[in-house]
Amino acid sequence: MSEQSQVKLELTRFKWLKMLLISRWPQLALRAIALVGFILAAAAGLAGTPVGSRNFAIIFVWIIWWALLMLAAVPFFGRGWCSICPIPMPGEWLQNGALLGPAGKGLGLGKAWPKKLRSIWLQNLGFVLLALFSAVVLTQPQLTGVILTAFLFIAIGTSLVFERRAFCRYLCPVGGFIGLYSQTSPLELRVRDTAVCAGHREKTCYTGNSDPQQNDGYTGYGCPWGVFPGGLVKNTNCGLCMECLRTCPHDNLVLQLRPFGADLHEARGRKLDEAYKAFIMLGAALVYSLVLLGPWGMVKMAAFQVGSLPWFGYAAAFLAFTLALLPAVFFGAVMVGQVWAGSRRAIATANQRRQAFVRFAVALSPLGLAAWIAFSLSFVFANLSYLPPILSDPFGWGWDLFGWANFGWQPYLTNLTPTLQASVLLVGFAWAGRAAYRLAAEDRPPGAPAGKAALPVVLFNFLVTLTLLGLLIG
Amino acid sequence: MNVTATPSRHEKLARLLLLGLVVGLITAIALLGRGLLPRPERVIELRARMPENGGWLPESLTVETGEQVHLRMTSDDVVHGFAVGQNDMDPVDIYPGRFSEVSLVFNQPGKYTFYCTRWCGANHWRMRGVIEVTGQGEPRRSAGQPPYVVLGLDIDAPHPAEVIPAQEPRASQALELLADLPRSYLSPAYYQAHSPAETWLALRGEPALMDASDEELWDLVAWIWRANTTPEQLQTGEQLYAENCAACHGETGGGDGVFANAPAPGAEDHSGGLTGHGILPPTNFQDISTMLGAKPAVLHGKIVRGGMGTGMPYWGPVFTDEEIWALVAYLYAFHIEE
């Protein structure tokens, strides 16, 4: 199915919604709320109780925010979270010299991000590093506080040295996978007519528009993500910040609903760094399910004893599994599929083999997202009852602001959770299988069967799904 | 890019609102913070960790006499317990991920030991902390020098019994000979300074008891030992033994408790390490020669001081003197029957 034939619902045709999106106040209000939550989380982490279950930092960040991100924000809104994320905000405000539209001279050197680093490899590295320490980060409030604060200052520093939101685009460990999985979301921001963009000399969506006369009184910044909206074909690098909606004088930008996973079959812009992100995410979901949720005390201990010999063993195993074993097995599956399907010539060169590997790795996005949703389901309902006490006593200092401080722990939906998890994993498997088939069909004549090329990849997905079902549901 | 240099009215408002929000939040945290929150008592957060993970945090507390101290305790690893030594407070269990709370008031200045009351690991016995109470009030009464120091006894020396009975002595069978027993044997001072075997030898030399059989004299020794305790003391001793001693010495005193040979977790050479276990095994109270050769003052000293080349901790600051004597009496009960 080509992109043109997809059914889409333009949301910006609803004037009230468009006004809400263009006006800076609703966005600023959401950002302010997020910033308050962030400050509270960082402060509670740094100064609050070391008891994770009674500290706002742990419960709010790693259970509530993470669950909202994985169960709602990413699957339905793609990079929607990035548009209100508080971490880059102070840096961006300093860079812009304003909280709202262009209003004054900002701070910073405005340097271009180095060309060699224009990829998500640094984000991959950041996520892997965090993942190696996750057992302690997820349970020790002080460490969570340090990491949140460090993110804030790195983001500020990056904004003061480099132009636009370089931190979000190239450094944020979370942003990398949100971008990857945002391809599956049903929300996209695109141009209505690329010809209009081609004919627009000023390209204010990229360069910014500070002249209220040009656009019905609206002004805005050039795309903070460094993307020319006229060339947007995937959600990966669109932060849904709505700046282009504000700066386009031709009303050529639209926010629209589309079928889930529409970007998966966009051949342009597939890269090895994104393929590896898919393996890192899938590998991390598998390892976390084994280490954090499994009954193997020795493995759990090894993950917790950072710096010890068992921890180095755990780290080595994590890296080997995620960065070598999973990609190697997948690469083998792709090659077997190509040979079996009689496409030996299509993988004759190293470059072709790499392209095939990168192309089929796209099918891992729905599988990985399903894995993370299933993983998140395993703890979110079980730990939801920690929320009232930490709202009433965020620091664990003995406050009782709302009278909920002694709200007892009780797991919710324990009977339903395994069914939900299994359903999500099976949907993810089916979706990934369908994606693999369509990806296999991309380099074949129209109508030619692609099953043989896709089958080994489907088998890989099946084994991953089976393992996850075993680890999460038992 | 042509930008205006002066912030617009909206921009100013946005800055004001955001600044107000952030400053308001920080002020609210500061005002509600630990220091300014009105509380009738001082709150101290106490973290319990296995000794190999660091033990109590903080390990020492300083409080004023009469000050109500509210402890909010939590565990970083396993289930622990909290109690203050030489105090009749009920132990409080401490669970990971939860807070256990207790309020304390100390009226006498001095040093108090707090300790873990749950077998949390092989080094459980090392899990101690100190509460230093300063301020007005009559200082805590010192227990004074323990009897083994007063008597000049070497509590580290082996003390095998010179003689042992053919069968375990029974106090209840000694009633017929009581009339011939010199009163001097019944004093607490005599009891503390002599082992059962020494007492038997002394009784054997008493002219009034010349006609008594060896077994009858052992029964008389048993009677003397029972006369220096009470059923309540024995019950206290049994409970203290089960809670604090059985882990190493075994439930039946055989020196075969669950931690008797446990290496310290993480100890590389397994030769004792932090626990001290493995250097010398815990004493086997089932060994009749050891027990009937031990003076009560020696057993008392061993409990107070600990050590002896084993993992035996010191219990002096934890148990009251009465509790230690109750424990000593209970230890003899392994061989001396009612």
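Is B:Y190 buried or exposed? B:Y190 is buried, with a relative accessible area of 13%, where buried means under 20%, exposed over 50% and partly exposed in between (1.4 Å probe, protein chains only). The model is predicted, so local features need pLDDT of at least 70 and side-chain atom pairs count only at pLDDT 80 or more, while totals for chains, interfaces and linings use all residues. Side-chain values use heavy atoms, without hydrogens and water.

Across all chains, a search of the whole structure finds 48 aromatic pairs. Rings of Phe, Tyr and Trp (its six-membered ring) pair if their centres lie within 6.5 Å, and planes under 30 degrees apart count as stacked, over 60 as edge-to-face and the rest as tilted. A:W397 and A:W399 form an edge-to-face pair, 5.8 Å centre to centre with 75° between the planes. A:W397 counts as buried at 11% relative accessibility, and A:W399 is buried at 5%. B:Y190 is paired edge-to-face with B:Y185, at 5.0 Å centre to centre and 70° between the planes. B:Y185 is buried too, with a relative accessible area of 5%.

Ring pairs also link a cluster in chain A that includes A:W65, A:F127, A:F177 and A:W372.

Key
Residues are numbered from 1 along each chain as its sequence is written. Chains are lettered from A and ligands numbered from 1 in the order in which they are written.
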